[in-house]
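Please keep the viewer open as you read.

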Amino acid sequence: MTGNSILSPFNAVKYLFVKPKTIRYPFEPKEPAQRYRGFHVNDWEKCTGCGNCADICPNQAIQMIKMPELESKSGQKNERPRLDYGRCCFCGLCVDICPPGSLKLTRDYFHIHFDPKTFVFIPKDQKTEPGKYMSAEDYSVLKASLSHRKKDYEGFVSDLKFALFEPDRVTMPMIDPDVRKLSFIEQVVGYNPEEAKKEASRCLECRLCEEACPAHLKISDYIQAIYEDKPEESLKKIYEDNPIPSICGRVCMAYCEQACSLSIRGEALSVRWLKRYAADTIKDFITALELKPGTSTGKKIAVIGAGPGGLSVAYFLRLKGHEVNVYDALPGGGGTMRTGPPVYRLPLESIDKDVNYIRSLGVEFIFNTRIGKDVFFEDLLKEYDAVFLGTGNTKSRSTKVKNYEKCELAFDFLSDNKIGKQRKVGKEIIVIGGGNVALDVAREALRLQNIQYPGENIAVKTVSLEDWHEMPATKEEIEEAKEEKIQFNPAWGPKEVVLDNDGNVKGLLCKKVKSVFDKEGRFAPTFYEENEMFLEGDMIIEAVGQAPDFSFIPENLFEKLEFTERKKVKVDEKGMTSIRKVFAGGDIVNVNLDAVTAIADAKVASVGIDAFLSGK
Amino acid sequence: MKNTGQLLKEKLLLSFEDIQAEVSDEHRLTVNCRKDTVITVLSFLNNSGYDHLALISCVDWIKDNVLELVYILTAYAEDKGKAKMNILVKTRITREKPGLHTVIPVFENAEPYERELHELYGIHFMGHPRLTPLFLEREYKIPPFRKDFDTRKYVQEVFDQIPFVEDKKAEK
Amino acid sequence: MDRNNLGKWLKSPGKMGQKYSLHALYFCTGCGIIEIPPSITTRWDAERFGVIPVATPRQANLFLITGYVSVKTLRYIIRSYEQMPEPKFTVGFGSCPINGGMYWDSYNTIKHLDKYIPVDGWIAGCMPRPEAVFVAVTHLWTLIDKGMADGYNKYRANYQYYRENQEKILGKLEWPPLFSKNIKHEEYRTIA
Amino acid sequence: MVMTTILEIIFIILLAGIIGLFFLGLSRKIMARIHWRYGPPITQPLIDIIKLFNQTSMSHGFLFNFGIIFSLAGSVVVLLFLPFGRICPLSDSGGLLVILYLMLIAPLGLALSGGEAANPYTSIGISRKLLLAFGYELPLLLILLTVMTHYNTISIVEIVNKQFQAGWSFQHLSLLLPGIAYILILPAILGFRPFELIQAPQEISSGPMAEYSGKFLALTTIQHAFNIFISISLFTNLFLGGAANPGYFFLKILAVFVIFLFANAVFPRFRIEQAIKYLWRWPSILAFAGLIIVLITGKNF
Amino acid sequence: MRELELYFGPQHLGMVGNFSITLNVEGDRIVKATANPGFLHRGFEKLMEQRTWIQNFPLVCRINVVEPDHMELMYAMAVEKLAGIEVPERARFIRSIYLELARIGSHLFGLWAYANMLGFDTVANWAMYHRDLVLDLFEELTGGRVYHIYIWPGGVRRDFPEGFKDRIINTLHTIGSCVPDYDNTFFNNRVFYKRAKNIGKITCEEAKRMGAVGQVLRATGMKQDIRKTEPYAAYDQVDWEIPVRTDGDAYSRIWVVRDEMIESVHMIFKLLDKMPEGEVYNKIPNPFKWKIPDKDAYVRCESSRGELGLYLVSNGGDKPYRAHFRTPSYNHGLTILEKALENESIADVGNIMISLYITAPEIDR
């Protein structure tokens with residue numbers, strides 16, 4: 001092929017008569033490719049302000065800017081990214097790391113200006129503002145700039161398959177539903193170290209969870225410690241804010257997981273299981289944590305109720321060097337945790353592990369002692385420098401429909417089964433309620449049925465006012481219940497307990513629900529009275545809510561105790577009630593009826609008590 | 001049968017006493033030697049057919065207070081076994097007044113590499129014909145590639161301190 | 001485009017000439033130069049607008065600072081810029097000359113080009129596509145029309161400050177100052 | 001008579017300028033088409049010149065300024081001796097020898113001016129320019145000698161007339177070799193590729209022009225335009241028979257120009273010694289052979 | 001004759017890239033040439049030490065603007081080697097196709113530079129146009145025209161878009177149909193032959209001694225290509241030839257470039273035929289928590305200018321401890337160029353420099 005010629009080059013002259021291949025830009029437009037990496041656009045509705053984009057940017061081109069017009073809430077920071085096109089290199093790392101997928105690159109790339117200050121820009125999806133976004137017809141290349149862009153011009157967008165984070169959880173090994181429903185074996189097996197490390201590696205360290213957590217646990221830090229294979233480190237971090245990890249690692253409401261930025265398009269990081277992993281891996285808390293009670297102050301504090309709130313207050317105050325006595329009517333610590341969650345979710349050993357550790361710090365527990373019966377509240381007030389009320393909700397509410405007294409109450413049912421004598425159950429059980437407690441009851445009843453009537457026809461049905469989407473129980477719990485073949489009857493309200501001629505329960509007459517909440521979002525159910533359904537059953541358990549029991553407080557003091565509109569004990573910012581020396585926390589104070597909120601209250605109260613005692 | 005790397009390792013260990021050689025990854029031979037034997041090891045390897053000096057690199061192990069020089073050799077060969085081999089000859093020198101002999105007599109193309117390391121790490125190569133600046137315009141107190149040179153701090157101290165002309169005018 | 005508007009040509013031939021005969025100095029200052037050959041060759045053909053690369057600063061009136069500027073290059077940029085006849089226009093390419101870009105923490109690149117020489121326009125992107133170069137040229141036309149592309153006047157007016165900044169980075173410059181004293185901005189306008 | 005001559009002078013200078021600039025524009029356009037692109041408007045060289053006159057320009061001293069004027073003046077004077085169709089202001093005086101002599105002034109002027117600008121590339125460019133001129137002067141001299149011998153005159157006007165009278169005839173066949181030789185050296189005179197080595201922007205930063213700015217550059221551009229016009233008209237007059245009217249003449253030089261543009265488009269540039277070698281070999285041999293043939297065939301007119 | 005000191009670049013039309021050569025000339029002859037690099041020095045390797053593993057991806061490709069893709073590959077390969085990440089089969093094929101496209105783009109750029117240097121605008125324009133067509137493919141595949149940031153450890157960043165295979169084929173056919181034009185006008189042009197023959201001549205021995213790689217080496221008759229000797233991506237899956245010439249001058253080098261381009265086109269067709277379906281990406285660990293074990297690695301590949309290597313050291317942290325690129329232009333530009341320029345004419349400085357395929361950003365880093 002090699003050769004040389006003086007005439008062959010003249011071949012090229014033929015192109016004189018061929019149409020040129022130039023694109024007559026800008027008179028002939030050329031669209032950039034579908035995936036083009038141009039300027040950013042950010043959907044503010046979707047953006048959580050997590051700041052992952054700012055963290056990953058190699059050029060520090062992205063800064064999170066506080067937006068006063070936005071409000072911070074769980075899983076949402078009021079910050080939005082600001083781009084500096086004097087730094088940006090259009091690599092798209094920010095797009096690939098964006099958990100909600102709100103940050104995208106568009107195919108717009110024109111910004112030409114004489115002022116370098118105009119290259120700093122807060123991207124926002126302003127499709128509704130016609131001034132900023134132009135339709136294709138109105139778009140002029142020459143006018144185009146950062147503040148004036150084309151509509152529907154998305155370029156490089158996030159793709160979950162190629163995202164830099166891992167949207168899928170490491171599946172928690174669970175015992176098969178058909179096996180687990182036969183006994184009270186703990187259903188969740190727990191991560192092994194590899195699984196835990198892998199799951200921990202998913203955390204993006206955006207700390208949205210820490211803000212969502214009522215107790216503000218340092219979640220990112222302890223997960224980082226698990227990732228680094230240092231469970232002791234992790235447990236230490238947890239113990240800074242939460243003294244009952246074994247309990248919380250199993251039954252926490254996991255607000256953190258709802259806030260987790262990964263949950264938007266994938267599955268949330270299983271923060272709770274990781275905490276459980278940390279707590280379970282460490283067999284001996286005492287040597288691992290190396291905590292010491294503070295130097296003795298000589299002050300004495302009584303804590304009424306050894307629930308999560310009570311335990312936490314005791315722990316925090318003990319660390320500050322106070323002497324703490326905890327009273328509880330039950331034979332062990334844990335309060336509602338001891339009686340409520342069935343054994344297959346929260347075994348007693350786990351509770352005792354946490355309680356024993358707190359005891360090891362020098363907190364004195366006085367169990368089997370009911371205030372108002374064995375000890376009197378007035379005496380406590382005299383004897384101690386401060387009293388913390390963490391009694392919680394101990395009474396079950398009832399539906400009060402016709403013949404309601406034939407029904408069982410959820411708390412009694414659960415508590416008897418867990419720490420008392422196992423109940424005899426029916427073959428066909430109806431559970432009224434759609435909350436977690438109702439499902440606990442239903443699933444526990446199912447297990448009892450399986451134990452008591454092996455191989456026979458059995459059934460558990462639930463009736464709830466709320467429809468599927470409003471059901472207050474967590475999704476997980478509903479899923480698990482479904483797996484165990486619990487029958488659901490959502491959007492039905494109980495009308496009447498039907499009795500047979502012997503006065504035994506025959507079934508439940510239900511009516512169709514029209515709506516559960518009124519316009520303001522308050523609980524006010526309405527029904528289609530004529531639309532009825534009859535559920536057969538020989539045992540009915542009501543699980544429709546709980547109430548506190550203040551009978552231990554003498555009349556004269558109870559009068560002084562102030563309550564909020566929602567019938568909760570009113571406390572000030574230090575956790576003190578309207579009675580001097582008396583502090584309160586947990587379910588009696590909070591509308592959120594869960595352990596981690598109680599811990600949060602306990603933290604407040606412990607600081608309050610400490611300040612009160614030291615006279616500040 | 002022993003592969004090329006193993007054979008070479010044995011040959012090396014026979015010829016030199018105070019070196020450590022290790023074959024990893026099948027195609028990679030790492031040789032650790034003292035700084036004064038580097039040149040003999042390199043010429044030995046050159047004569048064994050590994051005649052392409054791909055790179056002279058330097059790693060600043062500031063914790064151990066040493067600079068590690070890495071000579072990477074490959075072969076110009078059409079024989080596959082040989083052409084695949086990467087040989088890393090490593091030697092460690094002190095960080096204070098670092099110096100060693102140039103390898104230009106063995107590999108002619110070492111000249112710019114050594115010049116670069118002189119500039120960026122402050123290593124003095126004895127016998128090098130021109131250790132003049134190669135890349136840099138400004139002078140730096142610490143050679144910029146050493147670990148104790150903090151570029152971010154340097155940028156703040158130098159470039160960020162220069163005012164915009166508008167600001168300057170407003171000042172006056 | 002008002003290239004064929006004879007009235008304008010008669011009214012202000014200088015301005016129109018500047019607009020439609022932008023001779024760019026060919027200087028590969030940084031990686032942005034990679035998009036210059038496509039824009040001046042077949043695919044985009046900048047010569048349609050009279051933009052061509054020229055070999056020496058004396059013949060040029062448009063200086064494209066294509067990308068990051070290392071300290072060593074800065075010296076030559078200043079030299080070249082000072083050699084260009086007035087009126088002259090500078091366009092900064094991409095992120096790097098605006099605020100450091102990719103090399104915001106490099107010890108050997110300057111971060112803000114406008115601290116050392118005046119810049120009349122900036123193009124966003126890394127790198128800017130040839131299309132953006134075209135839009136930049138049209139943008140520059142507008143600026144020339146409005147008399148806003150007056151970086152060279154600014155350079156004259158603030159020469160002392162610019163030179164101070166330059167010497168801070170480069171040390172004493174080996175060539176004598178271009179202007180002996182600062183001419184006031186307004187004053188120069190009336191002279192020119 | 002004097003008035004008409006003066007008018008003619010002005011006319012021919014303007015015309016040469018316009019045609020030269022048109023050719024420059026056209027060359028850019030045609031080159032662009034071969035490059036598969038559209039190219040600038042045909043008026044682009046004019047726009048460039050307008051711009052250049054509105055720029056500040058840097059002078060390097062008296063000789064620098066003078067050289068440019070000198071070279072421009074040289075080109076202008078040559079123009080006056082060249083018939084454009086039937087228009088030739090100074091047809092009576094001068095002839096090919098004068099033209100040959102005057103054509104050297106332009107490069108000399110630039111050399112004078114460029115020498116003042118102490119830029120090494122300028123001096124390299126000038127030495128290249130002079131070498132190249134040296135290279136093509138030899139065949140050119142031989143060619144002109146052949147033509148003069150053939151037509152037995154040194155006046156271009158007369159040569160044109162004689163060709164005109166003879167029309168297409170075998171008498172001119174003896175001029176075929178010098179004609180080819182002229183074609184071979186014309187790119188060198190025009191500064192077209194493969195002889196575009198005076199400016200050679202990629203090699204020596206546009207050589208002699210490196211230091212020109214503003215109006216100086218404009219003047220050299222105009223000079224370049226004149227030069228193109230002169231070289232092509234000379235060829236047309238000598239070998240293509242000139243033309244009876246300016247329009248026809250214009251078409252002829254246009255055709256010649258476009259053909260040389262093609263060569264410009266499809267060749268890279270030579271090195272200077274290759275160029276000289278080339279110029280002194282083929283064109284010189286051809287021209288010399290032509291001369292001998294003409295001498296043998298004897299005077300025809 | 002008086003000896004003159006001449007600065008060739010950095011501001012010079014014949015200079016591709018920001019590079020400078022100081023020439024000592026006597027008349028037209030070069031007595032001594034001194035390369036003066038550093039105009040593009042950004043301290044890349046230092047910057048890499050300051051960025052996490054993932055943040056280095058946008059950075060490494062910027063080392064060489066002409067052909068960023070092989071830089072990406074190098075870093076990805078080194079990281080894969082250190083962290084033990086596997087690459088899916090389809091991703092290997094995509095990588096090969098992508099790299100060969102890059103090679104074609106880069107060679108066309110080289111052709112532009114070379115033709116432009118010789119004042120051959122026509123071919124320069126054509127080559128640039130065809131390169132732009134390749135860039136269009138890149139834009140569609142990766143979202144960037146010049147900096148693609150496409151190869152990631154564990155595969156590639158996105159799969160082929162719909163119908164992309166056909167567009168590759170179309171584009172390559174468009175370019176391929178112009179090969180006769182290039183041959184007629186450029187490669188078989190007598191003036192070009194005169195201009196390039198016996199210019200910047202290097203023998204095989206000299207080339208080896210001075211560390212030449214790539215075309216420079218292959219033009220001297222040495223048949224070495226890392227794609228063959230140490231195959232990466234999917235180069236061992238298809239058959240192809242190494243183009244070689246024996247003269248070692250600029251003319252041979254440009255012909256090797258041309259042959260390589262054509263070989264690449266054929267190779268892409270073969271790769272496209274054989275390409276399997278499946279996954280293209282194995283997820284890398286969470287970038288915020290990614291730490292790489294305490295090890296070092298040297299990887300190399302055949303970039304469009306020759307052997308490209310990366311010596312990467314990790315100390316177990318979240319950032320590279322040290323990275324050092326072995327770039328092909330380094331020895332070409334700093335050792336061979338100085339030798340090759342001696343006793344040549346000024347007119348050939350650019351000619352030799354570009355035929356050695358020197359790109360300044362690679363040298364300076």
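1. K485(A) counts as partly exposed because it has 13 C-beta neighbours inside 10 Å. On this scale, a residue is buried if 20 or more other C-beta atoms lie within 10 Å of its own, exposed if 12 or fewer, and partly exposed in between, with C-beta atoms placed from the backbone. K485(A) is not a glycine, yet its phi is positive, about 70°. You will find K485(A) in the loop between α18 (475–483) and β17 (487–490) of chain A. Helices (H or I, at least four residues) and strands (E, at least two) are DSSP runs, numbered from the N terminus.

2. A word on the model and its labels. This is a predicted model, where local features need pLDDT of at least 70, side-chain atom pairs count only at pLDDT 80 or more, and totals for chains, interfaces and linings use all residues. Residues are numbered from 1 along each chain as its sequence is written, while chains are lettered from A and ligands numbered from 1 in the order in which they are written.

3. D229(A) also has a positive phi, about 65°, without being a glycine. The loop between α6 (219–227) and α7 (231–239) of chain A holds D229(A). D229(A) is classed as partly exposed because 13 C-beta neighbours fall inside 10 Å.

4. Now to chain C, where the bond from E86(C) to P87(C) is a cis peptide with omega near -10°. P87(C) sits in the loop between α4 (71–83) and β5 (89–93) of chain C.

5. Please look at C126(C) to M127(C) too: this peptide bond is cis, with omega near -10°. M127(C) belongs to the loop between β7 (121–123) and α6 (130–146) of chain C.
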